Amino acid sequence: MYRITIVEDDDKIARLLGEALERYGFQPQRAQRMKELTLDFEEQTPHLVLMDINLPYFDGFYWCRQFRQRSTAPVIFISARSGEMDQVMAIENGGDDFVTKPIHLDLLIAKIKSALRRSYGEYAAAPLEPESGSGLTAPDGDEAGRASSAGGFELRCGELRLDVSRSLLLWREQAAQLSRNERLLAEALLEADGAIVSRDRLLESLWDDTSFVDDNTLTVNVTRLRRKLEELGLGGVLETHRGQGYRLNDAELAAGPDGGSR
């Protein structure tokens with residue numbers, strides 16, 4: 001049973017959300033310590049978080065950043081704010097999706113199921129066992145393109161590596177921790193091995209149903225992944241091909257400063 005933490009200071013909304021989640025077989029948990037939410041996160045170890053924006057003491061953006069330091073579990077923002085900038089801020093601060101109030105429960109449940117499938121279920125690179133809340137199992141099927149790595153799997157493009165199970169992007173002796181969306185984008189790009197990946201393909205790698213996704217959301221997530229590459233000294237490696245999509249420059253990732261192999 002997946003544990004879902006509800007971060008909502010409105011008692012009525014929190015109760016309605018909890019009842020809806022129970023009906024669909026989830027285990028709802030309401031965060032109680034609005035001034036010290038990190039303690040609730042650590043104790044409840046949620047598989048997914050429903051996060052309001054307007055909260056006492058600190059807003060949901062702040063708490064999402066704190067949660068991201070501890071977990072890559074999906075965070076879905078729920079807010080009466082419907083402006084485009086609020087949705088961009090939600091993604092920029094570590095969120096995975098956004099639902100506006102008044103809440104349409106069917107849509108919310110669909111988004112929750114989609115996020116859980118992406119992170120732990122049939123579409124996950126390394127599914128999490130929901131009963132224990134920990135432990136990764138290797139995926140079945142054709143994994144010829146993935147190298148075994150310390151209990152998980154790696155994808156490679158040139159000398160750039162992605163440790164899928166730990167959501168780590170590796171270059172030489174450096175590593176960058178990725179969020180869930182950054183990891184999914186990195187997977188799609190590394191699997192293409194230097195080929196262009198269309199925007200539609202990348203959107204599908206992040207969300208099952210793209211009909212509710214603003215195309216700008218993909219741009220924001222690509223920008224975040226590009227920043228992680230820049231932290232590794234790989235600025236310019238993630239290329240934009242206007243009207244086509246994105247690609248990793250495999251020649252840059254394979255060639256050294258003098259054009260030789262790294």
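**Entry 1: helices α6 and α7**

I looked up the crossing of α6 and α7 first, and it is right-handed. A crossing counts as right-handed if the near helix is turned clockwise from the far one by less than a right angle, and as left-handed if anticlockwise. Helix α6 covers residues 180–192 and helix α7 covers residues 199–206. They pack at an angle of about 135°, and their axes are 9 Å apart. I noted how such an angle is taken: axes are lines fitted to C-alpha atoms, for helices over the stretch in contact, and angles run from 0 to 180 degrees between N-to-C directions. The angle makes α6 oblique to α7. Under 35 degrees would be roughly parallel, over 145 roughly antiparallel, 65 to 115 roughly perpendicular, and the rest is oblique.

Next I listed the contact, meaning heavy atoms within 4.5 Å. From α6 come Arg-180, Asn-181, Leu-184, Leu-185, Ala-188, Leu-189 and Glu-191. From α7 come Arg-201, Leu-202, Ser-205 and Leu-206. By class, I find six nonpolar, two polar and three charged residues in the contact of α6 with α7. Here Ala, Val, Leu, Ile, Met, Phe, Trp, Tyr, Cys and Pro count as nonpolar, Asp, Glu, Lys and Arg as charged, and the others, Gly among them, as polar.

**Entry 2: what I am looking at**

This is a predicted model, in which local features need pLDDT of at least 70 and side-chain atom pairs count only at pLDDT 80 or more, while totals for chains, interfaces and linings use all residues. Residues are numbered from 1 along each chain as its sequence is written, and side-chain values use heavy atoms, with hydrogens and water left out.

The protein chain has nine helices and 13 strands. Both are DSSP runs numbered from the N terminus: helices are H or I with at least four residues, strands are E with at least two. Of the 262 residues in the protein chain, 51% are buried. Buried means under 20% relative accessible area, exposed over 50%, and partly exposed in between, with a 1.4 Å probe and protein chains only.

**Entry 3: helices α2 and α3**

I then turned to α2 (residues 37–44) and α3 (residues 60–68). They pack at about 40°, with axes 10 Å apart. That angle makes α2 oblique to α3. Their crossing is right-handed. Leu-37, Thr-38 and Phe-41 of α2 meet Trp-63, Gln-66 and Phe-67 of α3. In this contact of α2 with α3 I see four nonpolar residues, two polar and no charged.

**Entry 4: the five-stranded sheet**

In what order do the strands of the open sheet stand? I read β2-β1-β3-β4-β5, with parallel pairing. Two strands pair if DSSP finds at least two bridges between them. β2 (27–30) and β5 stand at the edges with a single partner strand each, so one side of each has no neighbour in the sheet. Neighbouring strands of this sheet are turned by 20° against each other on average, direction ignored.

I checked one pair in detail. Strand β1 (residues 3–7) runs parallel to β2, and four bridges join them. Ile-4 stands opposite Pro-28 in β2. A helix lies over this sheet as well: α5 lies across β1, β3 (48–52), β4 (75–79) and β5, at about 140° to β3.

**Entry 5: strand β13 and its partners**

Is strand β13 (residues 245–248) covered on one face or both? I found both covered: Gly-245 and Arg-247 on one side, and Tyr-246 and Leu-248 on the other, are all buried. β13 pairs with β11 (residues 197–198) in the antiparallel sense over two bridges. Ser-198 has Gly-245 as its bridge partner. β12 (residues 238–241) also runs antiparallel to β13, with four bridges. There Glu-239 stands opposite Arg-247. The hairpin of β12 and β13 has three residues between the strands, and Gly-243 takes a positive phi near 80°.

**Entry 6: backbone exceptions**

Most residues other than glycine have a negative phi, and most peptide bonds are trans. I looked for departures. Ser-167 has a positive phi of about 55°. Ser-167 sits in the loop between β8 (160–163) and β9 (168–171). At 5% relative accessibility, Ser-167 is buried. Arg-172 also has a positive phi, near 55°. Its loop runs between β9 and β10 (174–177). Last, the peptide bond from Lys-101 to Pro-102 is cis, with omega near 0°. Pro-102 lies in the loop between β5 (97–100) and α5 (105–119).
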